[in-house]
Amino acid sequence: IGVHDEPGSRSGSSSLDASLPVADSSCRRPLRRAPTWQQAEVLEVSAQNCETATLSLRLSVTEGFQAGQYYNVRLPFQDRPRPVQRAYSVGSSPLPNPSVIELTVKRMDGGLVSPRLVDGLSTGSTLEVRGPYGRFTWNATCAGPVLMVAAGSGVVPLVSMARLGEALGSETPMHLVLCSKSFETVVYRDELARLATSSWFACTHTFTRAPEDGRATFHRRIDRQMLEASLQDRPFPQLAFICGPPTMVDSCAEDLIVLGMDPSMVRTEKYD
């Protein structure tokens, strides 16, 4: 997802059962060598909204990454014996230039790392990163149509997937159901609006703290009835990606299976 600060945990799987094999005939991913820590140059820090910023970083070493993967970031603190490490999803596409990545970070109240990343970096500074990591990925070999479900900054890896689809000229239908507090807090708001002008990409918004805002189709947290309504008048998804808080991810995955999706094609990524 997009941000993991306190406590910094992260988990992903290809289905509700993390023991199931991740790679299958519908979505193959190449094997990579284990990443090492490197210094990345900060090219730009741009605000997404009042609590989220996107870091554009130039990597000194890269073998590319898969849409949906994440990088670890570590920062030194004077009162700690070792650097503090967190994981942040990539929002940019692997194409055309995987040596420049976007990490989108939400400032967490009481967080240790995220405030320094959002407020304390400047163009030309460096940041220690390692990656890519993760099996929550999409590429041109994956089955379609694709349903994406996210809450808050959980949309970040899904934006990477959609951007890759656009870069490839893919016609695979993608439909995103995104839960945000309000229109002002939608992460990648402008990018999603731009992508939604394409014939193959659609975005359904739901706001939890703006009940009168007509820019959202729904005004509550994502539930089974909302997912069922979002499936109406669309090709039934063959693959789903869900990213967000653990409770939301688990409930949405279960709901999609009840609604008829193959459990092995429901892929999840959780953050705390």
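Where in the chain does Phe218 have its place? In this predicted model, Phe218 sits in the loop between β10 (201-207) and α4, and with a relative accessible area of 15% it is buried.

**The chain as a whole**

- Of the 272 residues in the protein chain, 51% are buried, while the accessible surface comes to about 12000 Å², with carbon and sulfur atoms accounting for 50% of that area.
- When contacts in the protein chain between residues at least 6 apart in sequence are considered, 75% of them join residues that are at least 24 apart.

**The surroundings of Phe218**

- Phe218 and Thr206 are separated by twelve residues in sequence, yet their C-alpha atoms are 4.5 Å apart in space.
- If the neighbours within four places in sequence are left aside, the residues in contact with Phe218 are Thr204, His205, Thr206, Phe207, Met226, Ala229 and Ser230.
- Phe218 counts as buried because its relative accessible area of 15% falls under the 20% cut-off.

**Helix α5**

- Helix α5 comprises 13 residues, 246-258, and spans 18 Å from its first C-alpha to its last, which is close to the 18 Å expected at 1.5 Å a residue.
- The buried residues of α5 are Met248, Val249, Cys252, Ala253, Asp255 and Leu256; because they cover an arc of only 165 degrees around the axis, they lie on the same side of α5.
- Thr247 and Val258, by contrast, are exposed on the other side of α5.
- The cover over the buried residues of α5 includes the strands β8 (146-151), β11 (239-244) and β12 (266-271), together with the helix α4 (224-231).
- After α5 comes Gly260, which has a positive phi, near 115 degrees.

**Salt bridges**

- Side chains of opposite charge can pair when their charged atoms come close, and in this model the count comes to 14 salt bridges.
- One of these salt bridges joins Glu51 and Lys181, whose closest N and O atoms are 3.3 Å apart; since Glu51 lies in the loop between β2 (38-49) and β3 (52-58) and Lys181 in the loop between β9 (174-180) and α3 (189-195), the pair ties together parts that are 130 residues apart in sequence.
- Within this pair, Glu51 is buried at a relative accessible area of 15%, whereas Lys181 is partly exposed at 27%.
- A salt bridge also links the side chains of Asp213 and Arg215, at 3.0 Å from N to O; here Asp213 is buried, with 14% relative accessibility, and Arg215 is partly exposed, with 46%.
- Arg220 and Asp223 form a further salt bridge, with 2.7 Å between the closest N and O atoms, and in this case Arg220 is partly exposed at 33% relative accessibility, as is Asp223 at 21%.
- Salt bridges also link Glu102, Arg163, Glu166, Glu191 and Arg194 into a network.

Note on methods
Residues are numbered from 1 along each chain as its sequence is written. This is a predicted model: local features need pLDDT of at least 70, side-chain atom pairs count only at pLDDT 80 or more; totals for chains, interfaces and linings use all residues. Side-chain values use heavy atoms; hydrogens and water are left out. A salt bridge is a side-chain nitrogen of Lys or Arg within 4 Å of a carboxyl oxygen of Asp or Glu. Helices (H or I, at least four residues) and strands (E, at least two) are DSSP runs, numbered from the N terminus. Buried means under 20% relative accessible area, exposed over 50%, partly exposed in between (1.4 Å probe, protein chains only). The expected span of a helix is 1.5 Å times one less than its number of residues. The arc is that of the directions from the helix axis to the C-beta atoms. Contact means heavy atoms within 4.5 Å. Accessible areas come from the Shrake-Rupley method with a 1.4 Å probe; for residues, only the protein chains shown count as cover.
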